[in-house]
Amino acid sequence: MMDAKSIVENAIREGRYFLLEPEAKLLCKLYGLPVTEFRVAKDLEEAKRYAKEIGYPVVLKIVSPDILHKSDVGGVVINIKDESELVKAYNKIIDNVKKRVPNARIRGILVQEFAPPGREVIVGVAKDPQFEHVIMFGLGGIFVEILRDVTFRVLPITKKDALEMISEIKGYPILKGYRGEPPADVEAIVNIMLGVSDLIKDLPMISQLDLNPIIVYEKGAKIIDARIILETS
Ligand code: ADP
Ligand code: MG
């Protein structure tokens, strides 16, 4: 298995300044972060085999150095329940990509575990010219996009910082549970934030990291999409 530094060096050697989702997720996994289980298939037969190994339902996604926003080009199909759906989804993705990004180099199709719905949060990192790396936490979807209910700290952070961040957003009651809803696994979110803090300490050439969304359950959490951008100089 590749180590963290070689994943980044390999991308730079190819002249790429962002990691492909499977690279970003492998990097996260090396730091103990709970990413959805995944394999990269090079053809339909392999996709069928990996889906069986991972277990249905699964998700298929395009893997291409020329595509950063996969669903914008019809490159993501979720909640695939059996092999006949898988075949359709596979062909659909290849078809969509060939139509919408005709020159895209296709590295394969990512087969991954489908994560059932739950409460969504996001963890991000940006490199601020003054403060260096800053970590962001918020609830997913409209909470971040419309209400801007997010909080920031300069990295590295401690467990106490992470707990403070989680409890100081306005939407915290949604995580804590209200009207009889059980609490979401805050400890799992803390561990993700501390893992991200360690990852950035070791790999300061990362200029941006987005774990969006992370689905949090009563027990545990799953990182659904991971995007990592590298510094260009
Ligand atoms: P994009 O590159 O367009 O951001 P994503 O990987 O984020 O592609 O997939 C788009 C959306 O599909 C996600 O925001 C999420 O709602 C859903 N999704 C993706 N992967 C999974 C998964 N493994 N389980 C459940 N839902 C998923
Ligand atoms: Mg995404």
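Colleague: Just after α2, what positive phi does glycine 32 take?
Modeller: This is a predicted model, where local features need pLDDT of at least 70 and side-chain atom pairs pLDDT 80 or more, while totals for chains, interfaces and linings use all residues. Residues are numbered from 1 along each chain as written, chains are lettered from A and ligands numbered from 1 in written order, and side-chain values use heavy atoms, without hydrogens and water. Helices here are DSSP runs of H or I with at least four residues, and strands are runs of E with at least two, numbered from the N terminus. Just past helix α2, the positive phi of glycine 32 is about 75°.

Colleague: Happy to start there! How many of the ten residues of α2 are buried?
Modeller: Buried means under 20% relative accessible area, exposed over 50%, and partly exposed in between (1.4 Å probe, protein chains only). Among those that qualify in α2 are Glu21, Pro22, Lys25 and Cys28. The helix is largely enclosed by the rest of the structure, because the buried residues number eight.

Colleague: Which element gives the most to the lining of the second largest pocket?
Modeller: A pocket is an open set of points on a 1 Å grid over the protein atoms alone, with protein on both sides within 12 Å along at least five of seven lines; a cavity is a set where a 1.4 Å probe fits but cannot get out, and lining residues have an atom within 4 Å of a point. This pocket holds about 290 Å³, and Pro22, Glu23, Leu26, Phe38 and Val40 are nearest its centre among 16 lining residues. Two or more residues come from each of α1 (4-13), α2 and β1 (38-41). With four residues, the top contributor is α2.

Colleague: And how much space lies in the largest pocket?
Modeller: Its lining has 20 residues, with Lys61, Val76, Ile78, Pro213 and Ile224 nearest the centre. Both domain 1 (37-114) and domain 2 (119-230) contribute to that lining, so the pocket lies between them. A volume is the space filled by probe spheres set on the grid points, which are joined across faces, edges and corners. For the largest pocket this gives about 440 Å³.

Colleague: Which elements give two or more residues to the lining of the largest cavity?
Modeller: The count comes to one cavity of 30 Å³ or more, and the largest has about 120 Å³ of space. Of its 14 lining residues, Leu20, Glu21, Ile67, Leu68 and Lys70 are closest to the centre. Domain 1 (37-114) and domain 2 (119-230) both supply lining residues, so this cavity lies between them. The elements asked for are α2 (21-30), β2 (58-63) and β10 (226-230).

Colleague: Now the ligand: which residue has a side-chain N or O atom 2.4 Å from an oxygen atom of ligand 1?
Modeller: There are 18 residues around ligand 1, and Lys61, Ser71, Gln112, Glu113 and Ala115 are the closest. A backbone N or O atom of lysine 70 is 2.9 Å from a ligand oxygen, while a polar side-chain atom of aspartate 225 is 2.8 Å from one. The residue with the 2.4 Å distance is serine 71.

Colleague: Last one: what separates the C-alpha atoms of valine 150 and isoleucine 169?
Modeller: Valine 150 belongs to strand β7 (residues 150-154), and its 23% relative accessibility makes it partly exposed. Isoleucine 169 is 19 residues away along the chain, yet the C-alpha separation is 6.2 Å.

Note on methods
Domains from an automatic or database assignment. Near = heavy atom within 4 Å. Polar contact = N/O pair within 3.5 Å; in protein donor to acceptor, adjacent residues only side chain to side chain.
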